[in-house]
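The following note sets out, point by point, some remarks on the model shown here. It is intended to be read alongside the coordinates.

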Amino acid sequence: MAYPGYGAPPGGVPGMPGMVPGMQQDPLYGYFSAVAGQDGQITADELQRCLTQSGISGSYQPFCLETCKLMINMLDRDMSGTMGFNEFKDLWQALNGWKASFTSFDRDNSGTVEGHELQQAIVSMGYNLSPQAMNCIMKRYSINGRIPFDDFVNCSVRLRALTDQFRRRDTSQSGNASFQYDDFIQVTMSI
């Protein structure tokens, strides 16, 4: 039986397609459901509002809309352009990891990391980038040589998503991947 938009399959929660009983018990569900519509999905602007209300950015500036779009794209398994609750939970876990990393490298508690601190954070996340790649990252994300939390997360999302896309194409695990031009554009523009 089809449930047009509002119903849920047997065992699901009415109004939240695919939602199983007990999800409402998850503490994150309150943040999520406060902005999710009846479809049980949140858009980039809703994610921005949700993350701001949750206080996950702490004393740092709230996430910009571009970073929220990137976060959705990183975890958008069903390619809907929105985020369901399970995707949101995965994002929350990643955000907490990035925040812990950022905090540990923001030694002067300025709310920003400097280039050498960013490099240490990237290495601690398991990436081994050349000085040229690090220079590109610094040019892209730093403001007067400092990277604020929002841009740190933006950078982390891009690194994770680009690495995932690269690994999918590096089938021999050799550190080399072959991209057709159109595929390359799709990958880089979606991240």
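1. Of the 191 residues in the protein, 41% are buried (under 20% relative accessible area with a 1.4 Å probe and protein chains only; over 50% is exposed, and in between is partly exposed). The model is a predicted one, in which local features need pLDDT of at least 70 and side-chain atom pairs count only at pLDDT 80 or more, while totals for chains, interfaces and linings use all residues. Residues are numbered from 1 along each chain as its sequence is written, and side-chain values use heavy atoms, with hydrogens and water left out.

2. The protein holds 8 helices and 2 strands, taken as DSSP runs numbered from the N terminus (helices H or I, at least four residues; strands E, at least two). Their order from the N terminus is α-α-α-α-β-α-α-β-α-α. Among contacts (heavy atoms within 4.5 Å) between residues at least 6 apart in sequence, 52% join residues at least 24 apart.

3. Helix 4 (residues 85–105) packs on helix 7 (residues 149–169) at an angle of about 125°, and their axes lie 10 Å apart. The axes are lines fitted to C-alpha atoms over the stretch in contact, and angles run from 0 to 180 degrees between N-to-C directions. The two helices are therefore oblique to each other, given that angles under 35 degrees count as roughly parallel, over 145 as roughly antiparallel, 65 to 115 as roughly perpendicular and the rest as oblique.

4. To this contact helix 4 contributes Ala 94, Leu 95, Trp 98, Lys 99, Ser 101 and Phe 102, and helix 7 contributes Phe 149, Phe 152, Val 153, Ser 156, Val 157 and Arg 160. By class, the residues of the contact are 8 nonpolar, 2 polar and 2 charged (nonpolar: Ala, Val, Leu, Ile, Met, Phe, Trp, Tyr, Cys and Pro; charged: Asp, Glu, Lys and Arg; polar: the others, Gly among them).

5. In helix 6 (residues 131–141), Met 134, Ile 137, Met 138 and Tyr 141 are buried. Seen down the helix axis, these residues fall within an arc of 100°, so they line one face of helix 6; the arc is that of the directions from the axis to the C-beta atoms. They pack against helix 5 (115–124), strand 2 (146–148) and helix 7. Gln 132, Cys 136 and Lys 139 are exposed on the other side of helix 6.

6. Tyr 127 lies in the loop between helix 5 and helix 6 and, at 17% relative accessibility, counts as buried. Leaving aside neighbours within four places in sequence, Tyr 127 is in contact with Ile 122, Leu 159, Arg 160 and Thr 163. The C-alpha atoms of Tyr 127 and Arg 160 are separated by 9.4 Å, with the two residues 33 apart along the chain.
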